[in-house]
Amino acid sequence: MLDYGSGNLRSAERALRRVGAEVTVTADAGAALAADGLVVPGVGAFAACMAGLAGVDGPRIIERRLAGGRPVLGICVGMQVLFDHGVEWGEHTDGCGQWPGTVERIKAGVLPHMGWNTVRAPSGSVLFSGLDADTRFYFVHSFGVRRWEPAASSVLRPPLVAWAHHGEDFVAAVENGALAATQFHPEKSGDAGATVLRNWLRDVVG
Amino acid sequence: MGVAVRVIPCLDVDAGRVVKGVNFRELRDAGDPVEMAAVYDAEGADELTFLDVTASSGERETMYDVVRRTAEQVFIPLTVGGGVRSCDDVDTLLRSGADKVSINTAAIARPELLGEAARRFGSQCIVLSVDARRVTGGAPTPSGFEVTTHGGRRGTGIDAIEWAARGQELGVGEILLNSMDADGTRAGFDLEMIERVRTVVDVPVIASGGAGKVEDFVPAVRAGADAVLAASVFHFGVLRIGEVKDALRAGGVEVR
């Protein structure tokens, strides 16, 4: 688990241990590159997370892992920073650029979107495998990816995108080969979240 | 489908022990907050709130330990409040495993604390806890509701509805609205107070104070609550989490 000064890493660490992972919380690039799977958590502001990530060479670590097909899982703002950019309160910040799209304020009556919501998982999803369609996950965020139309490609398998709804639709999770991410907090989503983490460990990390 | 209304049991914790509470059949020790938290989690609580009512500041360390041990085994969000005076207190609670921290009296004395905490840790983990009552006698506030301290015994003259709005302006991500008039009466939530706060903020509002029977919860949601919190009815086993959710579901409210 990449430690770059963003929030409560302990919850995610404990939740991963609960489903059988051996977890090291580290800011060391060597350890982050060598791990079987790398979790990138994140809470708070996009710009602050991106700055913290850059401080530990996070974008390059993620890039190098993906080049080698080594799994990376982003959680919450750790998912958001994988996109092209973020716009918070008029401030534009470049993200890691792994996926096209902009993280911006969701249009909803009540924000933050805080609580347990359902997601529409794509068919063929690994992360949501074994979970009913009405399963709920814990979200806490005001910003999200509101539009994404993965480009059709004859050679590349397009990312699998799960959506959630609060005021409007936004991306709830992405599965894209070695790179996966959730907007919700699997580590705070009780047994449902444990299933998502277990699926990731078993079928993505292997 | 949308986000579910959250049902939140609150545990009053004094020097590491649950204040009041009865022995549920499945409990070995009703006074252990960690064990109680696990029971509520198993019963379907959507979040947990610990309120540290410890009088002496020397016991703070005990609370941090309770939070640590709870977060070790409960995988739903945990909010901790009571006696939070500074950003350092918030930091220690978050590091111990709290997901959100609620601030009450210290913000009345120094509102900037809310902004400082929200900027440093993110709005999503800072909750403004408002203990409010209807003004009876004395100088009225514009809305007729005022902020209190000392468990509702002391008025501050601050308008409770304006204070909630101010909290949002300063950056808090949620309002925990406690009706001190309704608290402990089991006569239902103060619906007008919920409605008034709902009209001035667009962060989530947690309604607290007055829950006595399953029928009390749907009106609180209709009045605008995004979450409902209760302490004694759950402690004493008067209501179970599942019953409350069934009643909400029957009233057309989405629950988990």
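The following legends describe close-up views of a predicted model.

**View 1. Packing of helices H2 and H3 in chain B.** Helix H2 of chain B spans residues 60-73, and helix H3 of chain B spans residues 87-96. Their axes lie 8 Å apart and meet at an angle of about 30°. Because angles under 35 degrees count as roughly parallel, H2(B) and H3(B) are therefore described as roughly parallel to each other. From H2(B), the contact involves B:Tyr64, B:Val67, B:Arg68 and B:Ala71; from H3(B), B:Asp89, B:Thr92, B:Leu93 and B:Ser96 take part. Classified by residue type, the contact of H2(B) with H3(B) comprises four nonpolar, two polar and two charged residues.

**View 2. The cis peptide bond between A:Leu111 and A:Pro112.** The peptide bond that joins A:Leu111 and A:Pro112 is cis, with omega about 0°. A:Pro112 is placed in the loop between strand E5 (99-105) and strand E6 (113-118) of chain A.

**View 3. Positive phi at A:Trp89.** Although A:Trp89 is not a glycine, its phi is positive, at about 50°. The residue A:Trp89 belongs to the loop between strand E3 (83-88) and strand E4 (91-94) of chain A. With a relative accessibility of 67%, A:Trp89 counts as exposed, since the class requires over 50%.

**View 4. Positive phi at B:His150.** B:His150, a residue other than glycine, has a positive phi near 55°. In chain B, the loop between strand E7 (145-149) and strand E8 (154-159) contains B:His150. The relative accessibility of B:His150 is 41%, so this residue counts as partly exposed.

How values were computed. Residues are numbered from 1 along each chain as its sequence is written. Chains are lettered from A and ligands numbered from 1 in the order in which they are written. This is a predicted model: local features need pLDDT of at least 70, side-chain atom pairs count only at pLDDT 80 or more; totals for chains, interfaces and linings use all residues. Side-chain values use heavy atoms; hydrogens and water are left out. Axes are lines fitted to C-alpha atoms, for helices over the stretch in contact, and angles run from 0 to 180 degrees between N-to-C directions. Helices (H or I, at least four residues) and strands (E, at least two) are DSSP runs, numbered from the N terminus. Angles under 35 degrees count as roughly parallel, over 145 as roughly antiparallel, 65 to 115 as roughly perpendicular and the rest as oblique. Contact means heavy atoms within 4.5 Å. Ala, Val, Leu, Ile, Met, Phe, Trp, Tyr, Cys and Pro count as nonpolar, Asp, Glu, Lys and Arg as charged, and the others, Gly among them, as polar. Buried means under 20% relative accessible area, exposed over 50%, partly exposed in between (1.4 Å probe, protein chains only).
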